[in-house]
Amino acid sequence: MKWILIFFTFIIFSLPHPTTAQSYISELTITHTERVTYANWDSTYTRILTTSDDGTIRMSDAQSGDMLWERENNSSMSGASWNPDKSLIATWTTDNQILLIDTEIGSITDRLTTGNPVKNGLWKSDGTAFVFYDDHILNIQTVNDQLFSDGIFALESPETILSVQWNMDESQILVLDESNHLTIWDLTSQEMLVTYTFPQDTTGVAQSTDATRLVSWGTDSGVIFWLVADDEIQRVDTVRHTRTFVIGAKWVMSDTQLLTWGADETARLWDVASGNQLLQFKHTDWVTGANLNADGTKLVTWAYQFAYVWDVATGDLIRQALHDNLVSGAILNGDETRLLTWGWDGKARVWNLEG
């Protein structure tokens, strides 16, 4: 029932919305013919990687926008993940393939065929392993010399997998499924350590860095803090958005604060110790994603066709960016002078924050 509610609300949300008559001129635009499914800077912030439903993965110069290389596929490039040193890309396609691509020249170094289209993938922090999953199957594959090597873990879930995350030291993998169970697996013994059951309306769970706390959110307006002790969880506190469901949450500032965002058109920062709201950032539509920079001074959010950069100290809006359709994500460059955004209009755009 919760997914039916989300689906119909999303349809309403996706209908055209009026925008104000302002001038939104990006510094740089990278154009695909269909939705951009992933974008990110390289480690030097001089190149930009994009993938698209048009079946292409492309590397572009971050100053001129010129294409450095491009690879094509017969089906959608539905996502990508850059390895930690940005030397290798894993990208997955809707025709059941995962490709490893050398970032310098764009050559395909290896490919892996999966049983079903991959939903998401993430690297181990040292780049030696890659986790990927579809609705019911999770695999962890080692990567050596730009090639897939041994499989080190496999899991078949009877329930639809919603999300997967590493624990802090990457010795465990956390799997949340649609039946509201978070299962933690030990990768050395390949044994299930514990399963926690969350309220029926749960759509997301995140573990604190030290693994002593969890936070969950879902289709009601609540975000719940949980204390983990002796393989049990105890509900500690609940903070609330004003209405409808929370879309996401993440621990920030060394787990002393929580960042949340939702369909009530707000992003919020909370003090974890007290449960008090520190800041609220009001938007004109659902907030579908948010990131806080490392020192907690800038907040990046996106809502419908817009991306925003906020000054956390004052609450002032630093920059507002506009796409022609839904914005899928936004990320600052290293010195935080430029903002990269991408979306359903087939565009990735770079915006100057200094002008």
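I take buried to mean under 20% relative accessible area, exposed over 50% and partly exposed in between, with a 1.4 Å probe and protein chains only.

**Entry 1: ground rules.** I am working on a predicted model, where local features need pLDDT of at least 70, side-chain atom pairs count only at pLDDT 80 or more, and totals for chains, interfaces and linings use all residues. Residues are numbered from 1 along each chain as its sequence is written, and side-chain values use heavy atoms, with hydrogens and water left out.

**Entry 2: Lys86.** I looked up Lys86 and found it buried, at a relative accessible area of 19%. Lys86 sits in the loop between strand S6 (77–82) and strand S7 (88–93). Its phi is positive, near 60°, and the residue is not a glycine. Most residues other than glycine have a negative phi.

**Entry 3: Asp255.** I found a positive phi at Asp255 too, about 70°. Asp255 belongs to the loop between S22 and strand S23 (257–262). Its relative accessible area is 8%, so Asp255 is buried.

**Entry 4: Arg243.** I then checked the loop between strand S21 (232–240) and strand S22 (246–252), where Arg243 lies. Arg243 is partly exposed, with a relative accessible area of 41%. Leaving out residues up to four places away in sequence, I list its contacts as Ser221, Ala263, Asp264 and Glu265; contact means heavy atoms within 4.5 Å. From Arg243 to Asp220 I get 7.7 Å, C-alpha to C-alpha, across 23 residues of sequence.

Entry 5: Strand S24 (residues 266–271) pairs with strand S25 (residues 277–282) in the antiparallel sense, over five bridges. Pairing requires at least two bridges found by DSSP between the strands. Arg268 faces Gln280 of S25. Five residues separate the two strands, and in this hairpin Gly275 has a positive phi near 80°.

**Entry 6: the whole chain.** I count one helix and 32 strands in the protein; these are DSSP runs numbered from the N terminus, helices being H or I of at least four residues and strands E of at least two. The radius of gyration is 20 Å, close to the 20 Å of the globule rule for 355 residues, so the protein is as compact as a globular protein of that length. I take that radius over C-alpha atoms, and the rule is 2.2 Å times the number of residues to the power 0.38. The C-alpha atoms fill a box of roughly 55 × 50 × 40 Å along the principal axes. Buried residues make up 54% of the 355.
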